[in-house]
Amino acid sequence: MNIAVDKYAWSSCEPTELQEKLSAADISVIFDRKPENQHFHIDVTVAMIREMAAWKIFSETGYEIQYLFRPSDRIELHFVESGTFHIETEHQEFTAAAGTSFVLLSSGPTSLKASRDARKIALAIPRILCLPLIHLGTDDLDAFLRRFDPTADIEENGVRTIHRMAALLLESGDHPFAGSPLGASLFQEALITAFVQTWPRSGQRAMIQTARPRNLKRALDWIHAHLAEEFTVSDIARNAGQSVRSLQLSFQQNVGMNPLNYVQRLRLQQIHQDLLNGDADENISEIAARWGFSHMGYFAARYRAVYGVSPSSTRSSRNRLGTTENI
């Protein structure tokens, strides 16, 4: 859905009907009603905030679901408020009780079984939105994310903050950012930053680092060193010591996008930072040109697609903040 914010709420006793409604909100699952369970009840509220989705779900009867999307395209955070949830993926199997949060990162089949009277809040974050917050010159996204603990106590400081921010989006009434696309964009950034910087980490860094593809590491290093220059995918592949095809496959499997989209995202990130923290008198077109955007219409469209507001709105928000600080 190409809008800044939206909100839905359903109460359903029919799995097929609920599947169709959730699919319209870009949440694709199959509910599995067991023969011994003749009753089915779920209450769902979904809130969209740009590319992210938050939802709360409660079931008197319990339920089982199979995910239809590729979890590697997104990161899911789940906060269990009552009941239990049993999760099975290709790589792990665990049960999360009330007061527990968990992360889903698996790239394979994923199933979830909820007990009776189970209630949780969940948040889906596209992996691409985490890229600006990690240094991919020395790390790849998959290795970085897999250092997060798969489960954590909801009351841990960072986890509690994320839980409360997700809950804010799901409060009764109108969407809290329905009238403020800029506010929605800034809230989304703050929420993702809280996740990346504060979610508990495991002690597996050294072991995971050794599993990272060396050619991908060389490609990432070269891109960061030449980000302000003009280059092609062939240039990246040649300096990484691999073919264009293998480079593209490696990026898709480990980063979640092709090399050019990755480069563009990094350049937009640099522009975003320059607009917020650079020379306030520098022309926006000059900043865009410095990072490889010669066509302002295309640049403005791509910037808005990532940050939800125009480049000039970002510059204006900086000016307003500066005025407030001077009062």
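Trainee: How many helices and strands does the secondary structure of the protein chain come to?

Mentor: Helices (H or I, at least four residues) and strands (E, at least two) are DSSP runs, numbered from the N terminus. Here there are 12 helices and 12 strands. Bear the source in mind: this is a predicted model, where local features need pLDDT of at least 70, side-chain atom pairs count only at pLDDT 80 or more, and totals for chains, interfaces and linings use all residues. Residues are numbered from 1 along each chain as its sequence is written, and side-chain values use heavy atoms, with hydrogens and water left out.

Trainee: What percentage of the residues of the protein chain count as buried?

Mentor: Buried means under 20% relative accessible area, exposed over 50%, partly exposed in between (1.4 Å probe, protein chains only). Of 327 residues, 50% are buried.

Trainee: Which residues in α6 are buried?

Mentor: Leu216, Ala219, Leu220, Trp222 and Ile223. Viewed down the axis of α6, the buried residues fall within an arc of 165 degrees, so they line one face of the helix. That arc is taken from the directions from the helix axis to the C-beta atoms. The face turned away from the buried side carries the exposed Arg214 and Ala225.

Trainee: What covers the buried residues of α6?

Mentor: Think in contacts, meaning heavy atoms within 4.5 Å. The cover includes α7 (233–240), α8 (244–254) and α9.

Trainee: How far does α6 reach from its first C-alpha to its last?

Mentor: The expected span of a helix is 1.5 Å times one less than its number of residues. Helix α6 (residues 214–225) has 12 residues and reaches 17 Å, close to the 16 Å expected.

Trainee: Now pockets. What is the volume of the second largest pocket?

Mentor: Rolling a probe the size of a water molecule over the atoms shows where empty space is left. On a 1 Å grid over the protein atoms alone, with a 1.4 Å probe, a pocket is an open set of points with protein on both sides within 12 Å along at least five of seven lines; lining residues have an atom within 4 Å of a point. Grid points are joined across faces, edges and corners, and a volume is the space filled by probe spheres set on the points. The second largest pocket has about 360 Å³. Of its 17 lining residues, the closest to the centre are Val263, Arg267, Trp291, Gly292 and Phe293.

Trainee: Which element gives the largest share of that lining?

Mentor: Helix α9, with four residues.
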